[in-house]
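Trainee: I would like to go through the labels one at a time. Can you set each value against its cut-off?

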Amino acid sequence: MSSWPRPSSTRPRPSSSTPPWTASPAMPDAERPGEFETIERLFRPLALEPYARGLLDDAAVLPARPGHDLILTKDTVVEGVHFLGDDPLDLVARKLLRVNLSDLAAKGAQPFGYLLSCAWSPRCGWSEREAFARGLAEDQRRFGVGLLGGDTVSTPGPLTLSATLIGYAPEGSAPSRAGARAGDLLVVSGTIGDGGLGLRAARSEEMGLSRAERDALAHRYRLPQPRLELAEAVRVFAHASADVSDGLVADAGRISAASGLRAVIDLDAMPLSAQARVWLYAQADPAGAAATLATAGDDYEILAALAPADLKPYCEACKAAGVPAALVGRLEAGEGVEARWRDQSVSLSRRGWTHG
């Protein structure tokens, strides 16, 4: 985890002629939900008690947990930048929690609760806010977290949502990005590239895939899966780790830079979904297409740096947790990142997503 929280990765990228968000007609002031009514009706039922104090206080009071470190992470999502304007707000709420939960998973932490900030745009009436709260409630139950507090405001700009997730890990066990060693292997969970392809599918771009394949990818983009079931394996085996939010190449580069090493990524070893594999081998330049998948981001998988002797037990632990893991590269003396396809170096026009 870096000193400052990172932004999320793959974004809906508007063209230069299209504004990044389009304001919907504002509702009359008399019909606009109030701040305290929103808290009382929608958020108070989500409060994690007794720590949230009924959301009647200006602060939450968290218990000390002897023998554990407190792990915190924060991400913000903005309409037209991190999610599409017509994405259902229950899914937006769930993605907001999940991108933060992914950061906790990469540190080997178990989630506890979260602080929430909502800057409601003029289009957000009761039905939109209720959908958002339903999404929060669903994933609170799924992942065992609760709302501790936060803030709600209104904005004339795009809908902007932020969450600070709080978790615990046994003292001294949370791996950083800076702990990797020369000779370590880079292992990634799940599949890579679905987030970037899913954004294209969500925008109804032509991809040469069936409707079912596009729908599966769009669902993966809108609703990533934080790999919390791998938290223990990450704590036990990883010298360094990060979640793949900004792209496999970018996040491998962050581990290598923090650890003072050089990363080599084997693009042909990347684990791919069936849909991504169909797309990849339909492209005229598979190496370039693989580089696109490795730099798109929004996959929210775990990238771990492991000693070679720990490769087998780590992969077995991942398999036992129901999540496949694949060897995708290594760390060595030097600096920078090299991407390779069938033992040939691949030129990269970009490493991944960054905000300007």
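Mentor: Start with handedness. A crossing is left-handed if the near helix is turned anticlockwise from the far one by less than a right angle, and right-handed if clockwise. Keep in mind that this is a predicted model.

Trainee: Which hand does the crossing of helix 4 and helix 5 have?

Mentor: The crossing of helix 4 and helix 5 is left-handed.

Trainee: How do helix 1 and helix 3 cross?

Mentor: Their axes come within 10 Å and cross at roughly 40 degrees. Helix 1 passes helix 3 in a right-handed crossing.

Trainee: What makes Arg94 and Glu138 a salt bridge?

Mentor: The cut-off is 4 Å between a side-chain nitrogen of Lys or Arg and a carboxyl oxygen of Asp or Glu. Arg94 and Glu138 are at 3.3 Å, N to O. The pair links distant parts of the chain, 44 residues apart. Arg94 sits in helix 2 (residues 89-106) and Glu138 in helix 3 (residues 126-143).

Trainee: How do you know whether Arg94 is buried or exposed?

Mentor: Buried means under 20% relative accessible area. Arg94 has 8%, so Arg94 is buried. Glu138 is at 30%, between the 20% and 50% limits, so Glu138 counts as partly exposed.

Trainee: Which residues are linked with Arg94 in a network of salt bridges?

Mentor: Arg98, Glu138, Asp139 and Arg142 are linked with Arg94 in that network. The count for the model comes to 23 salt bridges.

Trainee: What makes Lys95 and Asp298 a salt bridge?

Mentor: Their closest N and O atoms are 3.4 Å apart, and the limit is 4 Å. This pair also links distant parts of the chain, 203 residues apart: Lys95 in helix 2, Asp298 in the loop between helix 9 (286-296) and strand 8 (301-306). Both Lys95 and Asp298 are buried.

Trainee: Why do Arg340 and Glu338 count as buried?

Mentor: Arg340 has 19% relative accessibility, which is under 20%, so Arg340 counts as buried. Glu338 is at 15%, so Glu338 counts as buried too. The two form a salt bridge, with closest N and O atoms 2.8 Å apart.

Trainee: Why is Ala93 called buried?

Mentor: Ala93 lies in helix 2. Its relative accessible area is 0%, so Ala93 is buried. The C-alpha atoms of Ala93 and Phe132 are separated by 5.4 Å, though the residues are 39 apart along the chain.

Trainee: Last one. Which residues make the nonpolar surface patch?

Mentor: Leu62, Leu70 and Leu72 make a patch of about 230 Å². Leu62 is in the loop between helix 1 (35-43) and strand 1 (68-78).

Note on methods:
Residues numbered from 1 in each chain as written. Predicted model: local features only at pLDDT ≥ 70, side-chain atom pairs only at ≥ 80, totals over all residues. Heavy atoms only, no water. Patch = residues over 30% accessible without salt bridge, like charges linked within 9 Å, V, L, I, M, F, W, Y side chains within 5 Å. Areas by Shrake-Rupley, 256 points an atom, 1.4 Å probe, with all protein chains shown as cover. Helix = DSSP H or I, 4+ residues; strand = E, 2+ residues; numbered from the N terminus. Buried < 20%, exposed > 50% of the residue type's maximum accessible area, 1.4 Å probe, protein only. Axes fitted to C-alpha atoms, helices over the stretch in contact; angles between N-to-C directions.
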